[in-house]
Amino acid sequence: MKVSLVSLLRSNPSAVPFLVALTLAISFAANFWGLLYGISIVIPHLFYVPIIIAAFFYPRRGTVFALVVSAAYFLMVILVRPGATADIVSAAARCVIFVFIALIISFLSERVAAREQALVRAQQEWENTFNGVPDLIAIIGTDHRILRVNKAMADSLGMNPGEAAGRLCYETVHASGTIPGNCPHALLLKDGKEHAAEIHEEKLGGDFLVTVSPLHDENGNLIGSIHVARDITERKQVEIELLLHSEILQNMAEGVALIRASDGRIVFTNTRFSQLFGYPEGELIGQPVSVLNAPDGRTPEAIAEEIEEKLDKYSIWAGEIRNRKKDGELFYCHAIVSTYIHPVYGKVWITVHEDITEQKRIQAALAGTEQRYRQLYEGMRDAFASVDLDGRITNFNTAFERLIGYTHDEIFRLSYQDLTPERWQAAEAEILRTQVMTRGYSDIYEKEYRRRDGTIVPVELRTALITGDDKSPQGMWAIIRDITPRKEAERALQESEEKYRTIINEIQDIFYRTDTEGRITMLSPSAAKLAGYDSLDQLIGKPVSMVYANPADREKLIAALQESGAVYAFPLDLRVSDGSIRHVTVSSHFFRDAKGTILGVEGVIHDITPLRQAEDALRESEERYRTIIETIEDVYFRFDGESRLVMVSPSAGPMFGYDSAKEMIGLHAADIWSDPAARIQMIETMRKQGGFVRDWEAELKKKDGSVFWASISGHMHHDRDGRYLGKEGIIRDITERKKMEDALKTALTKLNMLSSITRHDILNQIMGLRTFLELSREDLKGTKFEDYLQKGDLAAGAIQRQIEFTKFYQDIGVNAPKWQNAAEVIREAAGQLSIPASIGLKIEVGDVEVFADPLIVKVFFNLMENSLRHGERVTQMSFTSRASAEGLVITYRDNGTGISAEDKKMLFRKGFGKHTGLGLFLSREILAITGITITENGEPGKGVQFEMTVPHGAFRSIP
């Protein structure tokens with residue numbers, strides 16, 4: 001990817017100020033030299049470089065920068081060439097041009113920044129749309145590798161969107177090592193066209209409609225496809241279920257047909273129906289049903305009229321009907337006709353035909369016998385029973401026997417009153433008297449039977465009168481249906497409604513419903529408590545506007561509902577019975593009937609008055625917070641996004657020499673800094689550290705211009721949307737502490753210098769002493785004094801080494817300890833070594849700072865240098881960290897030969913080891929300055945393991 005110079009400079013915040021400063025210095029130097037030699041025409045153009053750079057990267061401050069540079073240049077011309085009027089006028093004109101150029105560049109830079117922000121917002125909106133689509137979307141390259149997936153696709157694969165990129169699609173989605181034969185993406189790569197296919201994928205858990213569309217680059221070359229998969233699992237299941245129903249219908253033993261009620265034409269027949277009437281399959285479709293009817297003493301029209309009348313009254317008709325086959329043959333069918341509203345044909349008749357020609361012949365042969373009736377009702381699913389005029393049971397079918405649980409012989413000794421619980425007998429007697437005995441049959445009515453085991457069975461029945469040849473009553477018969485399942489369903493529905501009512505009655509929030517006229521039609525009991533009424537009757541039927549504190553709010557609520565169909569947490573103020581205001585949020589929607597017609601509004605009201613009261617308490621807390629700010633000795637400050645002081649504690653006045661803190665409001669941050677560059681450095685550090693600085697030392701400026709030292713701890717302030725609002729923090733006057741530190745540092749420096757001079761003088765004397773000892777040994781060689789001289793030289797050498805040792809020790813503690821990034825210090829130490837490429841260095845100490853002497857870098861250097869010198873087979877060095885009860889443990893390991901048990905005992909003694917430079921003794925002393933301890937607990941033969949324990953308070957996480 002190509003990176004522009006502008007992007008490169010923006011990615012490195014310190015590069016732009018450096019470039020501006022460098023080119024500005026060159027420009028002033030060149031122009032000063034030119035003015036000295038009378039050259040004032042071409043060289044001033046060099047100022048365009050820093051002015052243009054500053055105006056481009058700092059649009060507003062760039063113009064101020066151009067004014068300052070122009071003024072400086074103009075002053076330089078006046079001072080260097082005071083009598084050259086032409087040069088001074090020319091310089092003034094150039095200054096105007098400098099400022100004009102800066103204004104133009106600043107304007108263009110702001111336009112570019114605005115366009116870049118618009119592009120970023122557009123990119124974000126595209127990302128939100130891409131990941132918000134519920135379909136599974138993937139962008140796949142020509143090599144079948146996934147380039148990108150949306151969130152829905154990533155979730156279905158059980159991975160993050162970034163994890164899917166670069167994987168082969170058929171391995172990731174289908175868990176296959178080869179491309180599936182029906183892969184739409186493979187077909188698209190062949191012909192470059194859009195393809196679609198229905199694919200069942202077990203890994204994704206269902207069936208999907210997959211569509212792939214070609215994706216081209218800016219030159220029109222095919223670079224892949226956009227792969228969209230829509231879950232059609234439910235639709236496929238419905239299709240399978242419909243196919244199953246169709247198969248069942250087609251394979252029924254009875255003939256089934258649908259007849260359009262509007263014109264009496266056949267719109268569907270199953271296979272059995274066509275066979276029954278002798279027609280080829282499908283030939284009856286569209287023909288009038290009358291072609292199948294044959295007269296049986298009545299015309300087909302009369303038969304149709306009778307069926308329609310019964311359907312209108314009872315929604316079902318059952319009976320025998322005479323039909324005609326295609327070849328003219330007449331036969332009898334038992335038909336059941338019911339009505340149904342078809343989504344395509346509207347109202348239709350569903351007819352179920354069963355050929356009973358043979359049954360009719362048998363009935364004709366057995367006319368007048370009991371067998372004739374037995375065949376009728378034994379095959380019925382419903383129970384059948386007949387009684388005499390005294391109520392004694394005279395006949396019944398097997399279904400009736402199963403229904404009441406008595407044996408065949410026992411039933412004949414019973415009456416229908418014996419089976420009927422007493423609470424139903426009076427009502428049934430009235431039905432028999434007013435309906436059966438009057439018109440010959442009853443309406444369908446419900447009652448109960450008591451079974452032999454005592455259980456109660458709910459039934460539904462219609463009773464008809466049995467008459468003799470002379471029309472005189474002989475008895476009654478009835479078809480009885482067990483309605484236990486229906487009653488259980490009704491009971492379940494009632495329980496469900498009771499649960500719903502319980503929820504409504506017990507809900508703490510308020511459920512409400514209003515009609516289209518805005519009248520309250522339903523409320524949960526909690527409404528009376530909230531509104532302060534004794535009863536809901538005081539609210540039911542009343543206009544809902546009466547409870548609004550501001551009636552116009554209801555119009556806003558209705559407008560929001562009309563726009564989106566529902567609202568969530570819509571804020572409102574309601575007026576209760578005592579006139580007080582309750583703050584609430586409303587979540588509502590339109591409720592509709594089965595046809596989708598709006599009947600009104602319903603929803604839930606949540607009382608947030610306690611929340612508002614909590615917010616008031618929060619404001620009181622903020623007042624207490626302000627009291628603290630006003631009494632604090634340190635200075636609390638807040639700057640806005642333009643670096644203007646918008647808030648400061650009263651202690652700021654005395655600290656900065658102003659009459660009051662109010663006098664400082666509106667000051668720019670640069671007005672209180674002695675060195676503006678130091679302020680910019682602090683801001684850059686703050687940005688690098690995530691918007692925070694702690695104990696940043698700087699020289700600040702008072703009103704009278706005097707300077708004092710201060711410690712600043714602060715952070716960048718943002719709103720909830722992440723927009724930068726400014727900076728805030730605490731300023732502490734540390735002038736006295738700095739004076740003490742400077743005095744201590746001066747003393748340490750003098751002691752360091754004295755130590756250096758003293759060491760140098762002593763070493764010179766020792767050198768002279770050893771020289772004289774060497775000369776004396778030549779003269780006394782072979783005498784008893786030679787051995788004395790050799791021992792004296794060894795003692796002088798030991799003294800020399802100890803004095804030289806102080807060279808390393810003298811710098812310890814000279815510079816004050818400071819907070820240091822552990823990882824950066826380790827990298828700095830590694831950079832001072834020539835680590836071979838064959839040795840790996842791993843630094844995993846996290847984002848942490850330690851408070852230590854600046855010479856801690858020598859400690860890490862010494863550890864790694866010892867591994868290189870003495871580890872022999874080292875191929876890996878590592879720094880890691882972990883938390884412990886004592887503090888933070890930084891561990892250094894290598895995989896070399898390690899340290900023997902004998903050496904471990906003397907490891908940290910002064911002078912132990914060879915060619916170690918600083919030595920582990922000094923390493924321990926450097927760490928001990930801030931309480932850091934070091935131990936070695938590696939296993940001999942398996943590498944070293946040094947553990948440095950940083951105590952609590954001496955380490956912190958980098959923000």
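**The chain.** The model is predicted. The chain holds 30 helices and 33 strands. It has 959 residues, and 37% of them are buried. Take the contacts between residues at least 6 apart in sequence: 49% of these join residues at least 24 apart. The accessible surface of the chain is about 56,000 Å². Carbon and sulfur atoms account for 56% of that surface.

**Helix 28 and helix 30.** The axes of these two helices come within 9 Å. They cross at roughly 150 degrees. Angles over 145 degrees count as roughly antiparallel, so helix 28 is roughly antiparallel to helix 30. The crossing is left-handed. The table lists the residues that make the contact.

| Helix | Residue range | Contact residues |
|---|---|---|
| Helix 28 | residues 856-870 | Ile856, Val859, Asn862, Leu863, Asn866 |
| Helix 30 | residues 919-928 | Gly919, Leu920, Ser923, Ile926, Leu927 |

By class, this contact has 6 nonpolar and 4 polar residues. No charged residues take part in the contact of helix 28 with helix 30.

**Thr585.** This residue lies in strand 19, which spans residues 581-592. Is Thr585 buried or exposed? Its relative accessibility is 16%. The cut-off for buried is under 20%, so Thr585 counts as buried. Which residues does Thr585 contact, leaving aside its neighbours within four places in sequence? Ala569, Phe570 and Pro571 are among them. Val604, Ile605, His606 and Ile608 complete the list for Thr585.

How values were computed: Residues numbered from 1 in each chain as written. Predicted model: local features only at pLDDT ≥ 70, side-chain atom pairs only at ≥ 80, totals over all residues. Heavy atoms only, no water. Axes fitted to C-alpha atoms, helices over the stretch in contact; angles between N-to-C directions. Helix = DSSP H or I, 4+ residues; strand = E, 2+ residues; numbered from the N terminus. Parallel < 35°, antiparallel > 145°, perpendicular 65-115°, else oblique. Left-handed = near helix turned anticlockwise from the far one by under 90°. Contact = heavy atoms within 4.5 Å. Nonpolar A, V, L, I, M, F, W, Y, C, P; charged D, E, K, R; others polar. Buried < 20%, exposed > 50% of the residue type's maximum accessible area, 1.4 Å probe, protein only. Areas by Shrake-Rupley, 256 points an atom, 1.4 Å probe, with all protein chains shown as cover.
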